[in-house]
Amino acid sequence: MSLVELILAYLIHLVFWLWVTRWGGAQRLEGTFSSGFLIHVLAPRWTADGIKLFGYGAIFVSTVFFLLGLFLPDFREFF
């Protein structure tokens, strides 16, 4: 994966999780069948706060892998 592809993938991923955690996406997805496809297979059972917590965890983990991939090109395959 090139550096440009890594940055674009990270930005798309970040915008999606920011929508979920900050811009009302968790309330919209709470209890819906589509949350099982977009978030996690068990997400339809979760409350909006649980979906937000999962989202913050996903942002943290993806940021760590993004930074590793930014400075160590061998880690780009994990993103």
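Mentor: Gladly, and please keep in mind throughout that this is a predicted model. From the N terminus on, the elements of the chain follow the order α-α-α-α, and the tally of secondary structure is four helices and zero strands. The C-alpha trace spans about 40 × 20 × 15 Å along its principal axes.

Trainee: What makes H1 and H4 roughly antiparallel?

Mentor: Begin with the value: the axes of helix H1, residues 3-22, and helix H4, residues 48-71, cross at roughly 165° and come within 9 Å. Angles over 145 degrees count as roughly antiparallel, and therefore H1 is described as roughly antiparallel to H4. The crossing of H1 and H4 is also left-handed.

Trainee: Which residues of H1 and H4 meet?

Mentor: On the side of H1 they include Leu3, Leu6, Tyr10, Leu14, Trp17 and Val20, and on the side of H4 they include Ile51, Phe54, Ala58, Ile59, Phe66 and Leu70. Divided by kind, the residues of this contact come to 15 nonpolar, six polar and two charged.

Trainee: Why is Leu6 called buried?

Mentor: Leu6, which has its place in helix H1, has a relative accessibility of 0%. Buried means under 20%, so Leu6 counts as buried. Leu6 and Phe66 are 60 residues apart in sequence, while their C-alpha atoms are 7.5 Å apart in space.

Trainee: Why does Phe60 count as exposed?

Mentor: Phe60 is found in helix H4, and its relative accessibility is 58%. The label exposed requires a value over 50%, so Phe60 counts as exposed.

Trainee: Why are Gly50 and Gly57 called partly exposed?

Mentor: Gly50 lies in helix H4, and Gly57 lies in helix H4 as well. The class in question sits between the limits of 20% and 50%; Gly50 has 27% relative accessibility and therefore counts as partly exposed, and Gly57, with a relative accessible area of 32%, is therefore partly exposed too. The C-alpha atoms of Gly50 and Gln27, 23 residues apart along the chain, are separated by 11 Å, whereas those of Gly57 and Trp17, 40 residues apart along the chain, are separated by 9.7 Å.

Trainee: How do you know that Ser35 is buried, and which residues does Ser35 touch?

Mentor: Ser35 is found in helix H3, residues 34-38, and its relative accessibility is 0%. Since buried means under 20%, Ser35 counts as buried. Leaving out residues up to four places away in sequence, Ser35 touches Leu29, His40, Ala43 and Pro44.

Trainee: Which residues of the largest nonpolar core touch the most other members?

Mentor: That core has 14 residues, and those touching the most other members are Trp17, Val20, Ala26, Ile39 and Ile51. At least two residues of this core come from each of H1, helix H2, which covers 25-29, and H4. Take Val20 as an example: apart from its neighbours within four places in sequence, Val20 is in contact with Gly25, Ala26, Leu29, Ile39, Ile51 and Lys52.

Trainee: How many residues does the chain have, and what share of them counts as buried?

Mentor: The chain has 79 residues, and 27% of them count as buried. As for contacts along the chain, of those between residues at least 6 apart in sequence, 45% join residues at least 24 apart.

Conventions:
Residues are numbered from 1 along each chain as its sequence is written. This is a predicted model: local features need pLDDT of at least 70, side-chain atom pairs count only at pLDDT 80 or more; totals for chains, interfaces and linings use all residues. Side-chain values use heavy atoms; hydrogens and water are left out. Axes are lines fitted to C-alpha atoms, for helices over the stretch in contact, and angles run from 0 to 180 degrees between N-to-C directions. Angles under 35 degrees count as roughly parallel, over 145 as roughly antiparallel, 65 to 115 as roughly perpendicular and the rest as oblique. A crossing is left-handed if the near helix is turned anticlockwise from the far one by less than a right angle, and right-handed if clockwise. Contact means heavy atoms within 4.5 Å. Ala, Val, Leu, Ile, Met, Phe, Trp, Tyr, Cys and Pro count as nonpolar, Asp, Glu, Lys and Arg as charged, and the others, Gly among them, as polar. A nonpolar core is a set of buried Ala, Val, Leu, Ile, Met, Phe, Trp, Tyr and Cys residues joined through side-chain atoms within 4.5 Å. Buried means under 20% relative accessible area, exposed over 50%, partly exposed in between (1.4 Å probe, protein chains only).
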